[in-house]
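Student: I'm new to this one. Can you walk me through it?
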Amino acid sequence: VSYANSVAKKAEQSGKKNFYYGIGYDGLNAIPTGNFHSEVLETIGGNNVVDTTISSGNNQINLEELYKLPVDNIFVLEESAYNAVVNNKEWSYLPAVKSGNVYKVPYVLFPLIDGPPAVNRIIGIYYTVSKLYPEFASENYIEKAKEFYSLFYRHELTESEIKELSR
């Protein structure tokens with residue numbers, strides 16, 4: 001947690017980076033500020049561009065609504081959503097897509113930044129820092145992941161799992 005706080009402090013000083021976190025098969029189920037699903041991204045100093053004006057739960061939105069938001073980074077949970085974002089022309093107009101800042105949240109045993117809200121979020125901190133604030137990453141995320149899975153799950157990562165974590 002001190003690592004997350006350190007990054008958040010640097011982010012505050014240098015300017016928080018905007019992110020959109022979408023779940024669901026198409027990535028258009030928007031996770032708003034303060035929702036536990038986006039907690040890790042917000043804890044490291046990310047600025048969630050989806051307000052809680054509609055609901056503190058998940059919010060189904062459309063691309064026209066998303067175009068109005070300053071989306072510099074996109075995180076999605078499902079593979080189908082990732083494919084839609086990077087392959088569908090309608091998404092290509094978003095700054096995050098243009099700059100290649102689209103990330104499929106790794107899922108090895110559990111998602112790193114989503115549910116369940118448990119120990120998987122510890123390594124999720126290192127993952128999100130490596131994507132949202134690589135300039136502040138003072139730890140090797142993959143090495144930390146190997147250590148984490150061994151310690152918490154007594155699981156040695158396979159090459160395919162390391163590849164999933166590296167996306």
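Tutor: We'll take a helix pair, then some aromatic rings. Keep in mind that this is a predicted model.

Student: OK, helices. At what angle do α6 and α7 cross?

Tutor: Roughly 175°. Helix α6 covers residues 120-132 and helix α7 covers residues 141-153. Their axes come within 10 Å.

Student: So are they roughly parallel or antiparallel to each other?

Tutor: Roughly antiparallel, because the crossing angle is over 145 degrees.

Student: Which residues in α6 and α7 meet?

Tutor: In α6, they include Ile122, Ile123 and Tyr126. In α7, Ala145, Phe148 and Phe152 are among them. By class, the contact has 9 nonpolar, 2 polar and 1 charged residues.

Student: Switching to rings. How many aromatic pairs are there in the whole structure?

Tutor: A search finds 11. Take Phe148 and Phe152: their ring centres are 4.8 Å apart and their planes are at 35°, so this pair is tilted. Both residues lie in α7, 4 residues apart, about one turn of the helix.

Student: Is Phe148 buried or exposed?

Tutor: Buried, at 4% relative accessibility. Phe152 is partly exposed, at 38%.

Student: What kind of aromatic pair do Phe148 and Tyr153 form?

Tutor: Edge-to-face. The distance is 5.7 Å centre to centre, with 80° between the planes. Tyr153 is partly exposed, with a relative accessible area of 24%.

Student: Which residues do ring pairs link into a cluster?

Tutor: Phe110, Phe148, Tyr149, Phe152 and Tyr153.

Student: Last one. What sits over the ring of Tyr82?

Tutor: The charged end of Arg167, 5.1 Å from the ring centre.

How values were computed
Residues numbered from 1 in each chain as written. Predicted model: local features only at pLDDT ≥ 70, side-chain atom pairs only at ≥ 80, totals over all residues. Heavy atoms only, no water. Axes fitted to C-alpha atoms, helices over the stretch in contact; angles between N-to-C directions. Helix = DSSP H or I, 4+ residues; strand = E, 2+ residues; numbered from the N terminus. Parallel < 35°, antiparallel > 145°, perpendicular 65-115°, else oblique. Contact = heavy atoms within 4.5 Å. Nonpolar A, V, L, I, M, F, W, Y, C, P; charged D, E, K, R; others polar. Phe/Tyr/Trp six-rings, centres within 6.5 Å; stacked < 30°, edge-to-face > 60°. Buried < 20%, exposed > 50% of the residue type's maximum accessible area, 1.4 Å probe, protein only. Lys NZ or Arg CZ within 6 Å of the ring centre and 35° of its normal.
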